[in-house]
Each structure stands twice: as C-alpha cells, then as structure tokens.
Amino acid sequence: MQEKIDQYTAEINAFSPANADELEVFRIKFLGTKGLIKDLFEEFKAVGPEEKRVFGKVLNQFKQMAEAKYAELKDGLDSGLKAQDLSLDLTLPGDGFEVGSRHPLSLVRNEIIDIFKRLGFVVAEGPEIEDDWHNFSALNFPQEHPARDMQDTFFIRKGDGSDDIALRTHTSSVQVRMMENGKPPFRAIMPGRVYRNEAISARAHCFFHQVEGLYVDENVSFSDLKQTLFHFVQELYGEGTKVRFRPSYFPFTEPSAEMDISCTICKGDGCNMCKYTGWVEILGCGMVDPNVLENCGIDSKKYTGFAFGMGIERITNLKYVIRDLRLFSENDVRFLKQFQTDII
Ligand code: DAH
C-alpha cells in the first residue's frame with residue numbers, strides 16, 4: 001500500500017495538464033467515485049488494526065494532497081484561459097454595428113428650431129385632432145367661406161352625426177391655443193404634422209409637416225416680420241440668399257404675403273427646381289388679423305403681431321434636392337442612410 005501511495009504521489013506531483021480535458025481525466029483517475037484513491041480506501045478496510053493506525057493518517061494526507069493539487073491545477077487553468085482571452089489581438093477591427101440616423105425632416109425641423117430659439121422663440125405644440133374653432137373659425141375662416149376650400153380637410157364624423165372635428169390642416173391652430181391660454185407677449189414656433197385630403201403623388205401628400213411662427217407684443221410691425229424671416233433664411237441656407245415678399249391672402253393675416261428665396265440650387269440662374277424663375281416660394285406670412293387676436297381674447301388695439309407658416313418638406317427638398325415627397329414616408333433605408341450624422 002505504501003508503495004502504491006509513493007507511486008501515485010510521484011505521478012500526481014509530475015502531472016501538468018495542457019487543458020481542462022486532461023485535468024478532468026486526472027480527476028476521474030484519482031478522485032473519481034471509482035478512482036484510485038477510492039480503491040485505496042477499500043484496501044484499507046482489509047488491513048490489520050496495527051497497520052490501520054499508521055496508514056489511516058498516511059492515506060488521509062495523501063488524499064488531501066491529491067485534492068489540493070487538483071484545486072491548484074484547476075485554478076491555474078482557469079486563469080490561464082483568461083490570460084489567453086486577453087492575448088487576443090486588440091488591434092483587429094471590431095464587428096461593425098449599424099448606427100441609426102435622424103430622419104431628414106427631423107434634422108431640418110431641429111435646425112429651424114435652433115435658429116428661432118436663438119432669437120428667443122419658444123417651442124409649442126398642439127393636438128393633431130382639432131375642432132373647427134381652432135383650425136378654422138378662430139382663424140377668421142367664417143362658416144361656408146370659400147377660404148375653407150383652400151385646404152382639403154379630413155373631417156371626423158362623430159357618433160351623433162356632427163363633424164366639427166377634423167385632422168388639423170395646418171399648425172396655425174396652435175397659435176389659437178397659445179393665445180387663448182396665455183397673455184402677450186408671445187414668441188413661439190410650433191412644429192407638427194398636418195393632414196390634407198390630397199391624392200398622394202411626388203408633389204402632394206395626405207400628411208406633411210409644418211412649422212408655425214407667432215410673435216405678438218406691443219408695436220410689432222411688418223418690418224420685424226421681414227427682418228426675422230430674412231435672418232432665418234441667411235442662417236438656414238447661407239449668407240447671401242435673397243428674399244422677396246409677394247402680396248397674398250390668408251384669412252388669419254392682414255396684410256398677407258408669401259416669401260420667396262433665391263433658388264438654392266441654381267443660385268437664381270434658373271433650373272427646373274425653380275421652374276427657371278430663379279425664385280422658390282418657402283412660406284406664407286403676415287400680420288395677425290385683429291379679428292384673430294380678438295377671437296383669442298387679446299386686445300387688438302394694444303397688441304399687434306406677425307405669423308408665418310412653412311412646410312418642412314419643402315424646406316428639406318430645397319436643402320437636399322429631394323424631388324419626391326413620398327420618399328419621406330416610405331422608410332427606405334437607402335434613402336434615409338444618406339442623412340447619417342454624428343448627432344444621434
Ligand atoms: N397656415 C398656412 C397654410 O397652411 C400657412 C400660413 C400662412 C401660416 C400665413 C401663417 C401665416 O401663420 O401667417 O397654408
């Protein structure tokens with residue numbers, strides 16, 4: 001028995017596994033339930049009482065030695081594996097991963113917001129499902145007035161048959177909500193989605209996005225409107241972009257105008273984006289009609305204001321030369337990826 005113990009001890013001391021599999025073979029051989037140490041304990045049962053005293057101790061020490069060796073080798077292998085992980089070539093390129101990007105309309109909306117924020121405008125929002133008052137009546141569109149036909153509206157018929165609820169046709173409705181719920185001065189821009197009952201084509205869509213602007217205070221004049229919008233255009237499209245105002249009509253402004261800018265594509269020389277005129281229209285604007293101020297509970301003798309409204313799609317088309325409105329809502333990643341930015 002002593003011979004065997006000496007032999008096994010030598011074997012155990014000399015053992016050095018190359019991997020976890022070899023260590024497992026070692027464990028089964030010596031420490032397993034049918035292993036050599038178990039056999040020794042079986043043999044031990046048969047020896048005489050005199051030898052038992054001597055070998056009991058020796059055998060137990062041998063078993064502890066074998067277990068300690070196993071534990072030590074296992075630890076060594078585990079940390080060796082970790083060391084191996086760390087020895088990976090860290091200069092290898094990592095697996096690429098796709099970073100999302102902002103939608104071009106969001107990029108342009110954010111840019112518009114930034115420019116107006118720098119001028120002291122706050123951002124306000126309102127509901128997309130509107131009532132007749134906020135979308136039309138308060139904005140000086142009388143019932144049955146033909147101006148209501150300027151915007152093809154999706155009406156929502158309620159259970160009782162009435163249909164004074166609609167998807168808002170413009171963000172001008174948010175002006176009304178703002179003025180009804182506060183006191184002048186107001187200086188806000190109001191971005192949001194609007195809906196019109198139009199057949200979908202490259203040039204028209206049943207929903208699109210607008211940014212409305214409103215500035216109401218004492219002594220606000222048309223020259224404030226012009227300077228504000230002129231500054232906006234220089235910031236958005238670059239210094240030197242020209243602007244011109246053409247008289248127009250909107251029920252909620254008096255006087256009303258449409259603003260054109262020199263074509264951003266051909267710089268005014270003429271191209272098919274500007275239909276060879278050198279100018280492109282980007283927004284409607286005007287002085288808030290006193291009727292609108294009064295409808296919202298604001299003293300039109302004391303306060304004046306200007307308002308403007310622009311389509312974000314139009315502004316984006318001119319910035320990125322996009323010619324088909326449908327691209328904005330088709331979610332084709334080949335289109336969207338072209339606007340990848342660092343700003344996530
Ligand atoms: N609401 C108009 C539209 O959707 C745009 C507009 C024109 C807004 C003139 C205004 C404005 O605030 O003053 O066509």
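The legends below describe close-up views of a predicted model.

Local features need pLDDT of at least 70 and side-chain atom pairs pLDDT 80 or more, while totals for chains, interfaces and linings use all residues. Residues are numbered from 1 along each chain as its sequence is written, and side-chain values use heavy atoms, with hydrogens and water left out.

**View A. Stacked pair of Phe15 and Phe26.** Rings of Phe, Tyr and Trp (its six-membered ring) pair if their centres lie within 6.5 Å; planes under 30 degrees apart count as stacked, over 60 as edge-to-face and the rest as tilted. By this rule the model has 18 aromatic pairs. The centres of Phe15 and Phe26 are 4.4 Å apart and their planes lie at 5°, so this pair is stacked. Phe15 belongs to the loop between α1 (2–14) and α2 (20–31), and Phe26, 11 residues apart from it, to helix α2. Helices (H or I, at least four residues) and strands (E, at least two) are DSSP runs, numbered from the N terminus. Phe26 is buried, at 4% relative accessible area (buried is under 20%, exposed over 50%, partly exposed in between; 1.4 Å probe, protein chains only).

**View B. Edge-to-face pair of Phe222 and Phe245.** The ring centres are 6.2 Å apart, with 70° between the planes. Phe222 is in helix α8 (residues 222–237) and Phe245 in strand β7 (residues 243–250), so the pair ties together parts 23 residues apart in sequence. Phe222 is partly exposed, at 26% relative accessible area, and Phe245 is also partly exposed, at 21%.

**View C. Ring cluster and a charge over a ring.** Phe116, Phe121, Tyr215, Phe232, Phe306 and Phe308 are linked into a cluster by ring pairs. The charged end of Lys52 sits over the ring of Phe44, 5.8 Å from its centre (the criterion is NZ of Lys or CZ of Arg within 6 Å of the ring centre and within 35 degrees of the ring normal).

View D. Strands β5 (residues 186–195) and β6 (residues 207–217) run antiparallel and are joined by 10 bridges. Met190 has Glu212 in β6 as its bridge partner.

Terms used. Two strands pair if DSSP finds at least two bridges between them.
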